[in-house]
Amino acid sequence: MTLEYDRSIIGTVFDHVTAAPVTAEAILEYIAATGEVQPPADAADLVAPPSFVVTVRRRHLLPPLLGKVSFGFDAGKDIHFGVPIRPGDVLTSVTTVHDIYEKTGRTGIMAFVVVRTVITNQRDEQVAVVDQQMMCR
Amino acid sequence: MILDLHTHSEASEDSRAPVETYLKWLARKHDVLPLDGIVLTEHRQWEPAKDYRRLEDEYGILILRGAEVETDYGHMLVYGVNEDITRRFDFTDVRLPAQVLITEVARLGGIALPCHPGRPTIGLCEHYERKPPLDGVVAVEALNGGSRRGENEKVERLIQRYGYNAFGGSDSHLVSFIGVCATAFDRQIRSVEDLVAALYQGGYHPVDFRNDVKVST
(Lines give C-alpha, C1' and ligand atoms only; values in the text may rest on other atoms or scores of the structure.)
Protein backbone atom coordinates (compact mmCIF):
# COMPACT_ATOMS: atom_id res chain seq x y z
CA MET A 1 0.00 0.00 0.00
CA THR A 2 1.38 3.39 -0.95
CA LEU A 3 1.35 6.51 1.15
CA GLU A 4 -1.40 9.00 0.43
CA TYR A 5 -0.20 12.55 0.90
CA ASP A 6 -0.93 16.10 -0.06
CA ARG A 7 1.99 17.83 -1.77
CA SER A 8 0.77 21.16 -0.44
CA ILE A 9 2.43 20.31 2.88
CA ILE A 10 5.83 20.84 1.23
CA GLY A 11 7.39 23.92 2.78
CA THR A 12 5.33 23.68 5.97
CA VAL A 13 7.16 24.14 9.28
CA PHE A 14 6.13 21.28 11.56
CA ASP A 15 8.67 21.42 14.33
CA HIS A 16 10.42 24.24 16.20
CA VAL A 17 12.58 23.48 19.23
CA THR A 18 15.02 25.52 21.28
CA ALA A 19 17.11 23.16 23.39
CA ALA A 20 18.88 23.70 26.70
CA PRO A 21 22.44 25.08 26.39
CA VAL A 22 25.01 22.57 25.13
CA THR A 23 27.22 21.40 27.97
CA ALA A 24 30.88 20.45 27.89
CA GLU A 25 29.87 17.11 29.40
CA ALA A 26 27.51 16.39 26.52
CA ILE A 27 30.26 17.14 24.00
CA LEU A 28 32.81 15.00 25.85
CA GLU A 29 30.29 12.17 26.11
CA TYR A 30 29.68 12.37 22.36
CA ILE A 31 33.40 12.36 21.66
CA ALA A 32 33.87 9.28 23.83
CA ALA A 33 30.87 7.47 22.34
CA THR A 34 31.90 8.02 18.75
CA GLY A 35 35.63 7.52 19.15
CA GLU A 36 36.39 11.01 17.93
CA VAL A 37 39.76 12.72 18.42
CA GLN A 38 41.25 13.24 21.84
CA PRO A 39 39.51 16.22 23.45
CA PRO A 40 41.70 19.25 24.19
CA ALA A 41 43.18 19.49 27.68
CA ASP A 42 41.85 23.03 28.08
CA ALA A 43 38.04 23.02 28.27
CA ALA A 44 37.99 26.52 26.79
CA ASP A 45 39.15 25.05 23.47
CA LEU A 46 36.41 22.44 23.40
CA VAL A 47 34.51 22.27 20.13
CA ALA A 48 31.93 19.62 19.30
CA PRO A 49 32.64 17.29 16.39
CA PRO A 50 30.55 18.46 13.41
CA SER A 51 28.31 15.39 13.56
CA PHE A 52 27.23 16.43 17.07
CA VAL A 53 24.30 18.12 15.35
CA VAL A 54 22.58 14.74 15.01
CA THR A 55 21.97 14.83 18.77
CA VAL A 56 19.59 17.75 18.28
CA ARG A 57 16.16 16.23 18.61
CA ARG A 58 12.89 17.42 17.19
CA ARG A 59 9.49 16.72 18.72
CA HIS A 60 7.99 15.03 15.67
CA LEU A 61 9.84 12.43 13.64
CA LEU A 62 7.41 12.84 10.75
CA PRO A 63 5.16 15.77 9.92
CA PRO A 64 1.79 15.31 11.67
CA LEU A 65 0.13 16.68 8.51
CA LEU A 66 1.34 13.64 6.58
CA GLY A 67 -1.55 11.52 7.81
CA LYS A 68 -1.41 7.81 8.50
CA VAL A 69 1.97 6.20 7.94
CA SER A 70 1.91 2.44 8.32
CA PHE A 71 5.61 1.87 7.84
CA GLY A 72 8.70 4.03 7.78
CA PHE A 73 12.42 4.15 8.38
CA ASP A 74 15.31 6.58 8.27
CA ALA A 75 16.74 6.40 4.75
CA GLY A 76 19.74 8.62 5.43
CA LYS A 77 20.79 12.20 6.04
CA ASP A 78 22.67 14.86 4.13
CA ILE A 79 24.25 17.41 6.44
CA HIS A 80 25.73 20.77 5.47
CA PHE A 81 27.81 22.02 8.34
CA GLY A 82 28.03 25.65 9.40
CA VAL A 83 29.69 27.29 12.39
CA PRO A 84 31.13 25.05 15.15
CA ILE A 85 29.23 24.18 18.32
CA ARG A 86 30.82 25.10 21.64
CA PRO A 87 29.74 24.61 25.26
CA GLY A 88 27.06 27.11 26.21
CA ASP A 89 25.57 27.38 22.72
CA VAL A 90 21.80 27.41 22.60
CA LEU A 91 20.62 25.54 19.52
CA THR A 92 17.31 26.12 17.83
CA SER A 93 16.00 23.75 15.18
CA VAL A 94 13.28 24.57 12.70
CA THR A 95 12.04 21.69 10.58
CA THR A 96 10.04 21.82 7.36
CA VAL A 97 8.77 19.29 4.85
CA HIS A 98 11.35 19.85 2.13
CA ASP A 99 10.25 17.35 -0.52
CA ILE A 100 8.20 14.23 -1.11
CA TYR A 101 8.97 11.89 -3.97
CA GLU A 102 8.19 8.34 -4.94
CA LYS A 103 10.32 5.55 -6.34
CA THR A 104 9.86 1.87 -7.00
CA GLY A 105 12.25 -0.71 -5.64
CA ARG A 106 12.43 -4.47 -5.14
CA THR A 107 9.67 -4.23 -2.54
CA GLY A 108 7.29 -1.99 -4.47
CA ILE A 109 6.43 1.71 -4.43
CA MET A 110 7.97 3.80 -1.70
CA ALA A 111 7.39 7.43 -0.77
CA PHE A 112 10.37 9.39 0.51
CA VAL A 113 9.62 12.33 2.76
CA VAL A 114 12.57 14.70 3.02
CA VAL A 115 12.47 16.83 6.16
CA ARG A 116 14.90 19.73 6.41
CA THR A 117 16.07 20.91 9.80
CA VAL A 118 17.90 24.20 9.98
CA ILE A 119 19.87 24.52 13.21
CA THR A 120 21.04 27.91 14.43
CA ASN A 121 22.78 29.11 17.58
CA GLN A 122 21.99 31.96 19.97
CA ARG A 123 23.72 34.43 17.61
CA ASP A 124 21.44 33.26 14.79
CA GLU A 125 24.43 31.74 13.01
CA GLN A 126 23.68 28.65 10.95
CA VAL A 127 25.14 25.57 12.61
CA ALA A 128 23.84 22.97 10.17
CA VAL A 129 21.21 22.09 7.63
CA VAL A 130 20.12 18.47 7.93
CA ASP A 131 18.08 16.84 5.17
CA GLN A 132 16.69 13.60 6.49
CA GLN A 133 15.00 11.19 4.14
CA MET A 134 12.27 9.05 5.64
CA MET A 135 10.93 6.14 3.63
CA CYS A 136 7.21 5.83 4.26
CA ARG A 137 4.34 3.62 3.18
CA MET B 1 33.68 0.68 -28.81
CA ILE B 2 32.69 -0.02 -25.19
CA LEU B 3 30.13 2.04 -23.31
CA ASP B 4 28.63 1.63 -19.86
CA LEU B 5 24.97 2.26 -20.67
CA HIS B 6 23.63 2.47 -17.13
CA THR B 7 25.22 4.75 -14.53
CA HIS B 8 24.09 7.11 -11.78
CA SER B 9 25.90 10.13 -10.42
CA GLU B 10 25.22 12.36 -7.43
CA ALA B 11 22.33 13.85 -9.41
CA SER B 12 20.39 10.71 -8.44
CA GLU B 13 19.17 10.74 -4.85
CA ASP B 14 20.69 7.34 -4.09
CA SER B 15 24.20 8.00 -5.42
CA ARG B 16 27.06 10.11 -4.10
CA ALA B 17 29.38 9.59 -7.07
CA PRO B 18 30.60 12.77 -8.81
CA VAL B 19 30.93 12.39 -12.59
CA GLU B 20 34.51 13.62 -12.59
CA THR B 21 35.47 11.02 -9.99
CA TYR B 22 34.05 8.30 -12.26
CA LEU B 23 36.30 9.59 -15.04
CA LYS B 24 39.35 9.65 -12.78
CA TRP B 25 38.62 6.06 -11.76
CA LEU B 26 38.24 4.93 -15.38
CA ALA B 27 41.47 6.67 -16.34
CA ARG B 28 43.26 4.92 -13.47
CA LYS B 29 41.73 1.50 -14.24
CA HIS B 30 41.88 1.63 -18.02
CA ASP B 31 43.91 -1.59 -18.24
CA VAL B 32 41.05 -3.59 -16.70
CA LEU B 33 38.12 -1.31 -17.61
CA PRO B 34 38.79 -0.34 -21.24
CA LEU B 35 35.73 1.87 -21.58
CA ASP B 36 35.36 4.55 -24.24
CA GLY B 37 32.38 6.18 -22.65
CA ILE B 38 29.56 6.19 -20.14
CA VAL B 39 25.88 7.06 -20.29
CA LEU B 40 24.47 8.83 -17.25
CA THR B 41 20.96 7.55 -16.60
CA GLU B 42 19.77 9.43 -13.53
CA HIS B 43 16.63 8.26 -11.76
CA ARG B 44 13.34 9.86 -12.84
CA GLN B 45 14.82 13.06 -14.18
CA TRP B 46 16.16 14.89 -17.17
CA GLU B 47 18.14 18.09 -16.79
CA PRO B 48 18.49 19.61 -20.28
CA ALA B 49 21.15 22.13 -19.32
CA LYS B 50 23.76 19.63 -18.10
CA ASP B 51 26.93 19.85 -20.18
CA TYR B 52 29.92 17.55 -19.68
CA ARG B 53 32.00 18.61 -22.68
CA ARG B 54 34.81 20.03 -20.57
CA LEU B 55 35.14 16.71 -18.71
CA GLU B 56 34.96 14.76 -21.97
CA ASP B 57 37.83 16.81 -23.38
CA GLU B 58 39.89 16.59 -20.22
CA TYR B 59 39.56 12.83 -19.74
CA GLY B 60 39.00 11.65 -23.30
CA ILE B 61 35.90 9.68 -22.32
CA LEU B 62 32.57 10.07 -24.11
CA ILE B 63 29.76 11.15 -21.76
CA LEU B 64 26.20 10.71 -22.99
CA ARG B 65 23.00 11.10 -21.09
CA GLY B 66 19.72 9.24 -20.79
CA ALA B 67 17.33 8.58 -17.93
CA GLU B 68 16.04 5.68 -15.85
CA VAL B 69 12.27 5.87 -15.50
CA GLU B 70 9.73 3.72 -13.70
CA THR B 71 6.80 2.02 -15.42
CA ASP B 72 4.07 -0.51 -14.86
CA TYR B 73 6.48 -3.12 -16.30
CA GLY B 74 9.47 -2.10 -14.20
CA HIS B 75 12.36 0.28 -14.76
CA MET B 76 13.41 1.38 -18.24
CA LEU B 77 16.36 3.26 -19.64
CA VAL B 78 15.47 6.01 -22.08
CA TYR B 79 18.12 7.15 -24.57
CA GLY B 80 17.77 10.03 -26.97
CA VAL B 81 15.75 12.11 -24.51
CA ASN B 82 14.57 15.32 -26.13
CA GLU B 83 12.08 18.08 -25.47
CA ASP B 84 9.26 16.21 -27.22
CA ILE B 85 9.78 13.21 -24.96
CA THR B 86 9.95 15.23 -21.74
CA ARG B 87 6.85 17.17 -22.78
CA ARG B 88 5.03 13.89 -23.42
CA PHE B 89 6.11 12.09 -20.22
CA ASP B 90 6.53 13.16 -16.61
CA PHE B 91 9.71 11.33 -15.66
CA THR B 92 8.92 11.69 -11.93
CA ASP B 93 5.80 9.54 -12.37
CA VAL B 94 6.61 6.07 -11.03
CA ARG B 95 3.61 4.54 -12.79
CA LEU B 96 4.40 5.40 -16.42
CA PRO B 97 2.60 3.10 -18.89
CA ALA B 98 5.39 0.98 -20.37
CA GLN B 99 3.73 0.21 -23.69
CA VAL B 100 2.93 3.86 -24.35
CA LEU B 101 6.44 4.85 -23.29
CA ILE B 102 8.15 2.40 -25.66
CA THR B 103 5.93 3.29 -28.61
CA GLU B 104 5.96 7.04 -28.09
CA VAL B 105 9.66 7.36 -27.28
CA ALA B 106 10.40 5.49 -30.52
CA ARG B 107 8.09 7.81 -32.46
CA LEU B 108 9.74 10.86 -30.90
CA GLY B 109 13.26 9.80 -31.82
CA GLY B 110 14.51 7.88 -28.79
CA ILE B 111 14.49 4.35 -27.46
CA ALA B 112 13.23 2.90 -24.18
CA LEU B 113 14.76 -0.37 -23.00
CA PRO B 114 13.98 -2.45 -19.91
CA CYS B 115 16.80 -2.57 -17.37
CA HIS B 116 17.59 -5.25 -14.76
CA PRO B 117 14.66 -7.35 -16.09
CA GLY B 118 15.37 -10.16 -13.65
CA ARG B 119 14.88 -8.02 -10.54
CA PRO B 120 11.81 -8.62 -8.37
CA THR B 121 8.98 -6.08 -8.73
CA ILE B 122 10.91 -3.64 -10.93
CA GLY B 123 12.07 -6.08 -13.61
CA LEU B 124 10.32 -7.11 -16.83
CA CYS B 125 10.43 -10.88 -16.15
CA GLU B 126 8.13 -10.73 -13.15
CA HIS B 127 5.65 -8.53 -14.99
CA TYR B 128 5.62 -10.93 -17.96
CA GLU B 129 4.42 -13.66 -15.60
CA ARG B 130 1.20 -11.71 -15.02
CA LYS B 131 0.75 -9.46 -18.05
CA PRO B 132 1.05 -9.76 -21.84
CA PRO B 133 4.44 -9.10 -23.41
CA LEU B 134 5.20 -5.58 -24.63
CA ASP B 135 5.41 -4.69 -28.31
CA GLY B 136 8.46 -2.91 -29.62
CA VAL B 137 11.03 -4.04 -27.07
CA VAL B 138 14.30 -3.98 -29.00
CA ALA B 139 16.77 -5.00 -26.31
CA VAL B 140 17.03 -5.68 -22.59
CA GLU B 141 19.80 -5.17 -20.10
CA ALA B 142 21.11 -8.72 -19.94
CA LEU B 143 24.00 -7.86 -17.64
CA ASN B 144 23.44 -5.46 -14.77
CA GLY B 145 26.26 -4.87 -12.31
CA GLY B 146 23.87 -4.51 -9.40
CA SER B 147 21.93 -7.72 -9.95
CA ARG B 148 21.84 -10.37 -7.29
CA ARG B 149 22.57 -14.01 -7.96
CA GLY B 150 20.02 -15.50 -10.37
CA GLU B 151 18.68 -12.19 -11.72
CA ASN B 152 20.89 -12.00 -14.81
CA GLU B 153 20.34 -15.74 -15.42
CA LYS B 154 16.58 -15.12 -15.52
CA VAL B 155 17.15 -12.60 -18.30
CA GLU B 156 18.93 -15.18 -20.46
CA ARG B 157 15.69 -17.17 -20.59
CA LEU B 158 13.73 -14.02 -21.43
CA ILE B 159 16.06 -13.25 -24.32
CA GLN B 160 15.88 -16.79 -25.65
CA ARG B 161 12.09 -16.72 -25.60
CA TYR B 162 11.52 -13.27 -27.11
CA GLY B 163 14.65 -12.81 -29.20
CA TYR B 164 15.59 -9.45 -27.71
CA ASN B 165 19.01 -7.93 -28.24
CA ALA B 166 21.18 -7.83 -25.14
CA PHE B 167 23.19 -5.01 -23.64
CA GLY B 168 25.01 -4.41 -20.36
CA GLY B 169 25.50 -1.68 -17.81
CA SER B 170 27.04 -1.35 -14.39
CA ASP B 171 24.08 0.44 -12.74
CA SER B 172 26.85 2.10 -10.79
CA HIS B 173 25.97 4.29 -7.83
CA LEU B 174 29.51 4.14 -6.42
CA VAL B 175 32.73 5.27 -8.03
CA SER B 176 34.44 1.88 -7.81
CA PHE B 177 31.50 0.20 -9.53
CA ILE B 178 31.60 2.11 -12.80
CA GLY B 179 32.12 0.02 -15.91
CA VAL B 180 32.02 -3.41 -14.28
CA CYS B 181 29.40 -4.37 -16.87
CA ALA B 182 29.13 -2.56 -20.19
CA THR B 183 28.21 -2.93 -23.85
CA ALA B 184 30.62 -3.52 -26.74
CA PHE B 185 29.48 -2.01 -30.05
CA ASP B 186 30.82 -2.99 -33.46
CA ARG B 187 30.85 0.65 -34.56
CA GLN B 188 31.90 4.10 -33.41
CA ILE B 189 29.42 6.07 -31.33
CA ARG B 190 30.02 9.79 -31.00
CA SER B 191 26.62 11.11 -30.01
CA VAL B 192 23.39 10.06 -28.42
CA GLU B 193 21.86 9.92 -31.92
CA ASP B 194 24.54 7.38 -32.89
CA LEU B 195 23.72 5.42 -29.75
CA VAL B 196 19.98 5.31 -30.43
CA ALA B 197 20.58 4.23 -34.03
CA ALA B 198 23.03 1.52 -32.95
CA LEU B 199 20.65 0.17 -30.30
CA TYR B 200 17.92 -0.21 -32.92
CA GLN B 201 20.23 -1.71 -35.55
CA GLY B 202 22.03 -4.30 -33.41
CA GLY B 203 25.69 -5.23 -33.51
CA TYR B 204 26.40 -5.06 -29.79
CA HIS B 205 26.69 -7.38 -26.83
CA PRO B 206 27.14 -7.12 -23.06
CA VAL B 207 30.59 -7.40 -21.53
CA ASP B 208 31.49 -8.28 -17.97
CA PHE B 209 34.69 -7.00 -16.35
CA ARG B 210 33.94 -8.18 -12.85
CA ASN B 211 36.51 -10.95 -13.05
CA ASP B 212 39.15 -8.35 -13.90
CA VAL B 213 38.17 -5.84 -11.25
CA LYS B 214 37.69 -6.59 -7.60
CA VAL B 215 34.09 -5.64 -6.86
CA SER B 216 32.71 -5.51 -3.38
CA THR B 217 28.97 -6.08 -3.32
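In this predicted model, the largest nonpolar core has 59 residues, and the members that touch the most others are I38(B), M76(B), V78(B), L113(B) and V140(B). Strand β3(B) is the element that gives the most to this core, with 5 residues. A second, separate core has 11 residues, among them F52(A), V53(A), L91(A) and I119(A).

Chain B has an open sheet of 7 strands, in the order β5-β4-β3-β2-β1-β8-β9, with mixed pairing. Its edges are β5(B) and β9(B), the latter spanning residues 204-208, and each of the two pairs on one side only. On average, neighbouring strands in this sheet are turned by 30° against each other, with direction ignored.

Strand β4(B), residues 74-79, is mostly covered, with 6 of its 6 residues buried. In the strand order it stands between β5(B) and β3(B). The pairings on its two sides are set out below.

| Strand pair | Sense | Bridges |
|---|---|---|
| β3(B) (residues 62-71) and β4(B) | antiparallel | 6 bridges |
| β4(B) and β5(B) (residues 111-114) | antiparallel | 4 bridges |

A hairpin of 2 residues connects β3(B) to β4(B). Individual bridge partners can be named on both sides of β4(B). Y79(B) in β4(B) is the bridge partner of G66(B), and Y79(B) also stands opposite I111(B) in β5(B).

**Chain A**

Chain A contains 1 helix and 5 strands. Read from the N terminus, its elements follow the order β-α-β-β-β-β. The C-alpha trace of chain A spans about 55 × 30 × 20 Å along its principal axes. Of its 137 residues, 20% count as buried. Among contacts in chain A with a separation of 6 or more, 72% come from residues 24 or more positions apart.

**Where the chains meet**

Contacts between the two chains involve 9 residues of chain A and 9 residues of chain B. On the chain A side, β3(A) (92-105) and β4(A) (108-120) each supply at least two residues. The largest share of that side, 5 residues, comes from β3(A). By class, the side of chain A that touches chain B consists of 2 nonpolar, 4 polar and 3 charged residues.

Conventions: Residues numbered from 1 in each chain as written. Chains lettered and ligands numbered in written order. Predicted model: local features only at pLDDT ≥ 70, side-chain atom pairs only at ≥ 80, totals over all residues. Contact = placed C-beta atoms within 7 Å. Nonpolar A, V, L, I, M, F, W, Y, C, P; charged D, E, K, R; others polar. Buried ≥ 20, exposed ≤ 12 C-beta atoms within 10 Å, placed from the backbone. Pairing = 2+ DSSP bridges. Core = buried A, V, L, I, M, F, W, Y, C linked by C-beta atoms within 7 Å. Axes fitted to C-alpha atoms, helices over the stretch in contact; angles between N-to-C directions.
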